[in-house]
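Please view the sequence and the structure first, then read the points grouped by topic.

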Amino acid sequence: ALLPTTPENVWAIIATLLRAPGESGAPQAAIQLVLDDQDPDSEEKELTAKERELWVLPRRGTISPWSSKATDIFGLCGLGNIVQRVERGVVYRITFADDFAIPQFRLSEHKQIINAGSDRMTEALYESCPAAALIFAHSEPRPLREVPIRDSDGSDELARPIRNIEAAQAQGGAEQTEGTAASVLARANRELGLALATDEIAYLVDAYLGAQAADAGIARNPTDAELMMFAQVNSEHCRHKIFGASWTIDGHAQELSLFDWIKATQKKHPEHVLSAYSDNAAVLEAVDASRIQAWVPDERDAQRWTMCDAGAVHVVAKVETHNHPTLISPFPGAATGAGGEIRDEGAVGRGSKPKCGLAGFTVSDLRIPGFAQPWEAATADVGFPAHVASALDIMLEAPLGAAAFANEFGRPAIMGYFRTYLQRVPTGMPPPQDAQVDEPDLECEVRGFHKPIMIAGGMGSVRAEHMLKTPFAAGARLVVLGGPSMLIGLGGGAASSVAAGTQAHALDFASVQRGNPEMERRCQMVLDACTARGSANPIAFVHDVGAGGLSNALTELVHDVGLGADIEIRDVPCADAALSPMEIWCNESQERYVLAVTPQDLPEFEAIAHRERCPFAVVGTAVTTPRLRVTDRLRGGHAIDMPMDVLLGKPPEMSCDADSLLAPRVVFDGSLARYLPAGMSLSERLHDAAGRVLRLPSVASKSFLITIGDRSVTGLVGRDPMVGPWQVPVADVAVTCSGYDSALRTGEAMAMGERPTLAVVDSAAASRMAVAESLLNLAAAAVPDLS
């Protein structure tokens with residue numbers, strides 16, 4: 001139905017939904033209003049010479065979150081065989097002033113108008129009502145491609161279309177040297193946005209051209225699906241290569257890696273930690289865990305749920321960042337940051353449940369038009385790259401994205417922070433440098449957060465019997481649970497692993513996912529229903545789908561138990577029939593999980609998913625041979641055929657060399673005279689300074705960030721940010737209740753600390769202060785022992 005929204009059309013849809021299927025006198029006229037190109041009883045308003053229209057509608061091959069809900073409503077009302085899918089859009093009618101020259105170009109093709117009026121990843125602009133086929137029609141699938149690093153057909157084509165691996169091998173070509181192969185792969189690395197390091201390119205060239213290539217069955221050209229998969233699976237985002245690297249600092253080799261230092265605290269104090277660094281989130285021991293009850297379905301009536309003993313229920317904890325997507329596209333970047341963290345909380349062990357959340361933001365100076373602040377003047381000449389969002393745009397859109405996702409999913413947001421920082425500081429010098437400097441006339445550099453910090457985190461719960469994933473045997477069915485594949489979020493793992501601005505802007509934007517909280521909520525309901533069965537939980541293993549899409553999630557799923565997989569790419573649900581095998585396999589469409597379910601438990605799992613109206617598909621089987629094979633029944637043959645030890649093997653370990661730099665310490669002027677206008681008395685300086693402090697975003701009220709989110713959903717929130725009868729946002733700590741039993745007086749407390757401004761002078765001191773702040777805030781709750 002592609003009509004401008006009018007009261008008549010809206011009422012026609014409502015009237016249709018209010019009538020039961022098969023009811024006598026079914027509203028044929030009302031249905032006709034929705035299905036016709038134009039309501040015959042309405043008068044179409046012609047555009048004048050000074051008017052133009054812009055229609056913003058879903059891009060072909062995408063399904064909006066609204067469509068997921070609306071199409072379901074039609075189906076539940078008995079119209080599923082009539083309405084296959086319904087979408088909505090926005091129509092802008094632009095009226096130009098009489099003395100304004102009307103643009104002669106097409107508004108729908110103007111870059112600034114496209115960016116301002118639509119999300120170009122999921123929406124398209126038209127200047128009139130398009131034919132329905134443009135929105136709902138499907139195109140022919142794009143082909144699999146190979147990158148000619150082993151042999152060449154003489155063309156300059158980087159990635160040439162092939163039917164399948166077997167057909168390409170039979171065709172062959174002229175052999176190439178390893179040097180030529182490396183240059184071809186380096187070009188593919190740039191143009192496809194793979195973010196491979198030089199040693200990884202050499203590793204792949206050796207894998208496909210080396211002496212062992214024939215034994216591994218890959219003595220051929222790699223497919224684009226294999227290369228993109230390798231890049232995502234082995235990205236910094238997924239494998240933490242820098243954190244696991246060996247370091248040499250000031251000429252001294254370090255015994256521990258960054259990850260070793262991070263894990264050191266847990267190794268020294270493992271008490272109360274049940275699981276860490278081995279799953280999607282950590283698990284902490286709960287107080288009186290055996291007394292916490294859980295909802296379970298009644299054995300006599302599955303539609304009724306009651307509170308029963310659940311053995312022991314422990315605390316799930318997770319915090320992560322989503323900085324790169326929030327920089328490129330703030331609303332969806334922050335929304336999928338919150339959504340991804342929620343999925344992590346729900347994908348612990350054999351299934352867990354999110355409980356409460358937090359969101360925090362650090363950006364550069366806001367520079368609000370008409371509300372410039374004195375401290376912003378010193379860096380007023382510092383601009384922002386054209387292809388990223390400004391600090392103000394980020395804070396206008398990103399908090400709404402994170403809050404909207406949490407609100408629609410149904411998880412309370414009860415903690416967070418907000419800081420701005422952009423400053424010229426003295427450039428660091430090699431040690432020894434401990435002298436204080438009286439004059440600030442030093443060589444300076446700009447420090448700030450043009451690339452923002454977007455923190456998403458929270459707590460959840462998991463039954464002790466489901467806390468650890470169950471090793472499954474060959475023959476287990478591999479299931480994709482959740483929404484369909486779309487050309488969204490391609491290459492996000494690699495894109496977030498490189499410095500901002502080092503790859504093409506189109507690749508940056510394409511890497512940002514788009515959220516669908518309604519679909520994620522359905523997936524969580526399936527997980528809840530499965531875990532409610534206790535020891536009869538049909539799920540053996542669950543992973544959420546994030547960076548790298550299915551190429552990373554399904555690979556990790558079988559690799560963690562030492563198995564391989566046979567997968568059929570066309571069994572993966574797709575909203576866009578035009579996707580190539582690489583795009584199906586590697587896109588990061590959100591709100592999906594992968595699971596391992598034994599054949600005997602599959603019927604029960606399918607019944608639960610159907611009841612919750614949650615899409616799912618059995619896409620493959622775990623096999624004993626440690627090899628990943630992805631077939632394509634549409635084209636025949638294989639799209640991917642790789643040994644697991646090549647895909648997840650050990651590329652050369654990264655080594656990092658660094659020299660210490662110390663910032664010159666400029667003496668602070670306690671009289672404030674150096675920092676304020678001349679001629680002010682001491683009292684005037686104090687008054688002016690106090691006003692500045694109170695206007696600083698890190699100090700000022702955060703109400704505008706708090707009231708946009710639901711703070712009480714679930715009924716388990718004991719302390720949200722608003723305090724007292726006037727609801728002032730000054731709470732130091734967030735507290736949730738362990739359960740609904742009023743006799744159970746236990747819960748979970750969550751607090752934050754951050755000190756990035758101190759890190760400019762002393763990073764170690766900043767870390768200690770951040771930890772101290774979080775512990776002091778945590779002490780605001782009735783915590784009997786912080787250990």
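**Overall organisation**

Of the contacts in the protein chain with a separation of 6 or more, 75% are between residues 24 or more positions apart. The model is predicted, and its protein chain has an average pLDDT of 84.

**Confidence**

- A pLDDT of at least 70 is reached by 86% of the residues.
- The pLDDT falls below 50 over residues 9-44, a stretch that has 34 contacts in the model beyond near neighbours in sequence.
- Residues 492-503 also have a pLDDT below 50, and this stretch has 31 contacts in the model beyond near neighbours in sequence.

**Composition and surface**

- The protein chain contains 26 helices and 34 strands.
- Among the 787 residues of the protein chain, 47% are buried.
- The protein chain has an accessible surface of about 37,500 Å², and carbon and sulfur atoms contribute 56% of that surface.

**Nonpolar core**

- In soluble globular proteins, nonpolar side chains tend to be buried together.
- The largest nonpolar core holds 67 residues, of which M229, F472, L478, L554, I567, W585 and L628 touch the most other members.
- When neighbours within four places in sequence are left aside, L554 contacts L478, I567, W585, V594 and V619.

- An open sheet is formed by three strands in the order 9-8-28, with mixed pairing.
- Strand 9 (252-253) and strand 28 (655-658) are at the edges and have a single partner strand each, so one side of each lacks a neighbour in the sheet.
- Strand 8 (residues 246-249) runs antiparallel to strand 9, and two bridges join them.
- Within this pairing, I249 lies opposite H252 in strand 9.
- Strands of a sheet pair through backbone hydrogen bonds, either parallel or antiparallel.

**Helix 18**

- Helix 18 (residues 517-531) has 15 residues, which at 1.5 Å a residue should span 21 Å; the end C-alpha atoms are 21 Å apart, so the two values agree.
- The helix is mostly covered, with twelve of its 15 residues buried.
- The buried residues of helix 18 include P517, M519, E520, R522, C523 and Q524.
- Further along helix 18, V526, L527, D528, A529, C530 and T531 are buried as well.

How values were computed. Residues numbered from 1 in each chain as written. Predicted model: local features only at pLDDT ≥ 70, side-chain atom pairs only at ≥ 80, totals over all residues. Heavy atoms only, no water. pLDDT = per-residue confidence, 0-100. Contact = heavy atoms within 4.5 Å. Core = buried A, V, L, I, M, F, W, Y, C linked by side-chain atoms within 4.5 Å. Buried < 20%, exposed > 50% of the residue type's maximum accessible area, 1.4 Å probe, protein only. Helix = DSSP H or I, 4+ residues; strand = E, 2+ residues; numbered from the N terminus. Areas by Shrake-Rupley, 256 points an atom, 1.4 Å probe, with all protein chains shown as cover. Pairing = 2+ DSSP bridges. Expected span 1.5 Å × (residues − 1).
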